[in-house]
Amino acid sequence: MFQKLRMLDEKVVERMSEIHRPVLDKIMVMFTYAGTGGMVWWVCFVIPMLISRRFRETSIILTAALCFNFLMGEIIIKKSVGRDRPSTRISDDDMKINKPKDHSFPSGHSASSFCASTVMLLCCPAWIWAPALALACTIAFSRMYLRVHYLTDVLGGILLGVLDGSLVTLLFRLFVFPAQ
């Protein structure tokens with residue numbers, strides 16, 4: 001089974017190199033940089049929601065979820081798995097961004113993006129969570145497009161983000177902000 005997943009990962013990396021276009025390259029680089037360090041989630045959602053009385057609780061849940069997600073994905077899982085990135089086998093000239101130095105699994109961009117969009121799905125109206133989910137999908141795709149993650153890295157990040165966002169939201173709703 002692992003051999004089939006590895007073959008699928010390699011096929012996706014190869015396919016991504018075939019669909020590169022100059023305009024799409026620029027768009028994907030922009031989205032991947034927006035997701036670096038979860039920056040877009042902090043700037044566009046956490047801070048504005050913290051200012052808003054209506055979404056202050058969501059901002060607090062989102063902050064806790066993103067921090068927990070970072071701990072789980074970047075500190076525990078990524079260091080434990082130690083998977084090399086596909087970009088280690090790609091020349092610097094073929095890269096659209098600098099090669100990341102850390103390990104590949106799970107995708108931190110995908111994990112933080114889906115963690116944030118899951119919290120918003122559970123706590124916010126559709127006019128907030130729907131664009132957040134679309135942004136999360138685009139950021140996750142950008143990581144494969146730029147060939148810094150395998151498909152399974154991105155899927156692992158998505159799963160981790162959904163689980164972390166759901167768990168933290170549930171815990172906060174049960175113990176910190178229970179319904180009145």
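The model is predicted, so local features need pLDDT of at least 70, side-chain atom pairs count only at pLDDT 80 or more, and totals for chains, interfaces and linings use all residues. Residues are numbered from 1 along each chain as its sequence is written, and side-chain values use heavy atoms, with hydrogens and water left out.

**Aromatic pairs**

Rings of Phe, Tyr and Trp (its six-membered ring) pair if their centres lie within 6.5 Å; planes under 30 degrees apart are stacked, over 60 edge-to-face, and the rest tilted. By this rule there are 4 aromatic pairs. One of them joins phenylalanine 141 and tyrosine 145, with ring centres 6.1 Å apart and planes at 40°, so the pair is tilted. These two residues sit 4 apart in helix α6 (residues 126-145), which separates them by about one helical turn. Phenylalanine 141 is partly exposed, at 30% relative accessible area. Phenylalanine 172 and phenylalanine 177 also make a tilted pair, because their centres are 6.1 Å apart and their planes lie at 40°. Both phenylalanine 172 and phenylalanine 177 are buried.

**The whole chain**

How many helices and strands does the protein chain have? There are 7 helices and 0 strands, where helices (H or I, at least four residues) and strands (E, at least two) are DSSP runs numbered from the N terminus. The radius of gyration of the protein chain is 17 Å, close to the 16 Å from the globule rule for 180 residues, so the chain is as compact as a globular protein of that length. That radius is taken over C-alpha atoms, and the globule rule is 2.2 Å times the number of residues to the power 0.38. Along the principal axes, the C-alpha atoms fill a box of roughly 55 × 35 × 25 Å. Buried residues account for 44% of the 180 residues.

Contact means heavy atoms within 4.5 Å. Among contacts between residues at least 6 apart in sequence, 79% join residues at least 24 apart.

**Individual residues**

The table collects relative accessible areas.

| Residue | Relative accessible area | Class |
|---|---|---|
| Glycine 73 | 4% | buried |
| Cysteine 137 | 41% | partly exposed |
| Arginine 147 | 9% | buried |

Glycine 73 belongs to helix α4 (residues 56-81). Leaving aside neighbours within four places in sequence, glycine 73 is in contact with Lys78, Pro106 and Leu160. Its C-alpha atom is separated by 12 Å from that of serine 113, 40 residues apart along the chain.

Proline 106 has a feature of its own: the peptide bond from phenylalanine 105 to proline 106 is cis, with omega near -5°. Proline 106 lies in the loop between α4 and α5 (108-123).

Cysteine 137 is found in helix α6. The C-alpha atoms of cysteine 137 and glycine 37 are separated by 16 Å, and the two residues are 100 apart along the chain.

Which loop holds arginine 147? Arginine 147 lies in the one between α6 and α7 (151-176). Although arginine 147 is not a glycine, its phi is positive, at about 60°.

Technical notes
Buried < 20%, exposed > 50% of the residue type's maximum accessible area, 1.4 Å probe, protein only.
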